[in-house]
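Hello,

Here is the structure I promised to pass on. My notes on it follow below.

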Amino acid sequence: MSTDGAFSARFARVVAASVAGTTIEFYDFFLYGLAAALVFDKVFFPVDDPLIGVLLALVTYAVGFLARPLGGVVFGHLGDRLGRRRTLSITLMLMGGATVAIGLIPSYATIGVAAPILLVLLRLTQGLALGGEWGGAVLLVAEHGSPARRGFWSSWPQTGGPLGNLLATGVLAVLGLGVSNAEFERWGWRIPFLLSIVLVGVGLWLRHAVAESPIFVEAKRKAGSGGHAPVRIVLRRYRKQVLMAALADVGEKATYYTFSIFLLAYLTRVVHVPKATALTAITIASVFQAIAMVAGGALGDRYGRRVTSVTLAVLTGVWALAALPFVDSGSTVRITLVITVGLTLHGLLTGAQAPFFAELFPSEIRYTGASLGYQLATVVGGSLIPIIGVALLRRYPSTVPITLLLCLALACTAAAFLWAGETRGRDLREIEPADSSQADRSRSIP
């Protein structure tokens with residue numbers, strides 16, 4: 001690739017492999033969340049109170065988020081030592097294997113308590129794999145591209161989230177049309193999980209064809225054979241940057257899971273909307289969400305990460321306060337509009353902040369630092385907020401509590417970008433390592 005960032009066949013392969021890999025991994029990960037909201041309460045957690053069953057299923061869903069920071073540390077360490085490309089292939093195989101295995105677990109009625117135990121263990125494996133996926137996929141593109149358009153190209157791997165969700169909801173929607181509810185609960189839900197083996201094969205083939213990050217290769221050459229311990233360096237010298245990354249992302253995570261997983265449970269269990277209606281709304285919204293991510297990356301390149309992200313966080317909070325109550329009407333049009341605008345704003349915010357995480361850390365610990373900060377945000381924004389929201393539904397059958405939690409998370413995002421300053425235009429090769437006397441130092445380029 002030329003130094004001016006011109007698009008080339010080599011760079012096209014990098015972008016395509018990153019998008020395909022994240023799409024497959026998020027398909028696997030989000031498929032679990034959708035199944036947890038729709039059917040896992042009946043298959044693995046049969047109880048008298050439907051909301052309790054959903055809550056138990058979402059707790060196992062949250063286990064995957066709790067494992068993601070650990071996956072970020074483990075695979076971030078490998079990515080900073082062995083390379084971005086090799087590590088991404090490992091995460092893809094691990095995720096695919098766990099997903100196929102979930103599709104093979106017998107129900108609670110067949111093997112009793114062993115069923116939910118196996119489910120939790122495999123969900124942990126999914127979380128570990130996804131914890132290492134995101135950082136490597138985005139960094140691989142960011143480190144191949146030019147600073148001028150880093151936001152735009154870094155946002156492409158982010159589209160794997162909505163594309164994976166689109167694929168997962170689409171497959172479930174087709175199954176819902178082709179089989180009865182009873183058949184779906186007995187065996188139909190297993191088909192999308194088993195399909196993962198085909199998708200993983202395609203992803204591995206694409207990733208095998210890409211070159212290693214040139215910035216990583218240069219950093220390894222400069223480091224020589226002495227090696228380093230990326231995890232220890234990040235935890236000792238870059239705690240401030242990790243906290244910035246986590247706070248910056250918590251609002252984005254909470255936005256997505258409020259307008260998808262939480263609303264899916266709320267609409268089907270409280271408003272009593274048919275699951276096909278809710279899934280169709282999320283499927284339509286995912287198309288706009290993916291497009292918005294690329295647009296958000298371009299906006300971040302033009303106006304800066306800070307201004308764009310803070311503005312979008314405020315707009316998202318305003319939309320949640322104004323629009324979420326409209327889903328109580330049960331109107332298909334209103335539900336689709338609320339979810340589509342919400343996930344479009346989420347896409348813009350995600351794309352705008354995509355390169356920010358890479359721009360906080362030097363090359364030798366970038367995979368570890370970016371992954372750890374990003375995945376810590378998923379624990380709060382991606383798992384705790386939906387769980388708290390569903391738990392509150394038993395006492396307050398309303399969207400108000402989840403809306404207030406979402407606004408708090410978005411305030412954290414805005415505060416983090418104001419704290420970090422502007423990072424647009426930073427040369428990833430020249431980010432100065434922090435030493436013990438300046439562990440909290442962060443360079444800002446206006």
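The crossing of H16 and H17 is left-handed. This comes from a predicted model. H16 covers residues 305-323 and H17 covers residues 332-353. Their axes come within 9 Å and cross at roughly 165°. An angle over 145 degrees counts as roughly antiparallel, so H16 is roughly antiparallel to H17.

Which residues of H16 and H17 make the contact? From H16 they are Arg305, Thr308, Ser309, Leu312, Ala313, Leu315, Thr316, Trp319 and Ala323. H17 contributes Leu337, Val338, Val341, Gly342, Leu345, Leu348, Leu349, Ala352 and Gln353. By class, the contact has 12 nonpolar, five polar and one charged residues.

Next, the aromatic rings. A search of the whole structure turns up 16 aromatic pairs. One of them is Phe40 with Trp189. The ring centres of Phe40 and Trp189 are 5.3 Å apart, and the planes stand at 85°. Planes over 60 degrees apart count as edge-to-face, so that is the class of this pair.

Where in the chain do Phe40 and Trp189 sit? Phe40 is in helix H2 (residues 40-43). Trp189 is in the loop between helix H9 (181-188) and helix H10 (190-194). Are they buried or exposed? Both Phe40 and Trp189 are buried.

Best wishes

Definitions and conventions: Residues are numbered from 1 along each chain as its sequence is written. This is a predicted model: local features need pLDDT of at least 70, side-chain atom pairs count only at pLDDT 80 or more; totals for chains, interfaces and linings use all residues. Side-chain values use heavy atoms; hydrogens and water are left out. Axes are lines fitted to C-alpha atoms, for helices over the stretch in contact, and angles run from 0 to 180 degrees between N-to-C directions. Helices (H or I, at least four residues) and strands (E, at least two) are DSSP runs, numbered from the N terminus. Angles under 35 degrees count as roughly parallel, over 145 as roughly antiparallel, 65 to 115 as roughly perpendicular and the rest as oblique. A crossing is left-handed if the near helix is turned anticlockwise from the far one by less than a right angle, and right-handed if clockwise. Contact means heavy atoms within 4.5 Å. Ala, Val, Leu, Ile, Met, Phe, Trp, Tyr, Cys and Pro count as nonpolar, Asp, Glu, Lys and Arg as charged, and the others, Gly among them, as polar. Rings of Phe, Tyr and Trp (its six-membered ring) pair if their centres lie within 6.5 Å; planes under 30 degrees apart count as stacked, over 60 as edge-to-face and the rest as tilted. Buried means under 20% relative accessible area, exposed over 50%, partly exposed in between (1.4 Å probe, protein chains only).
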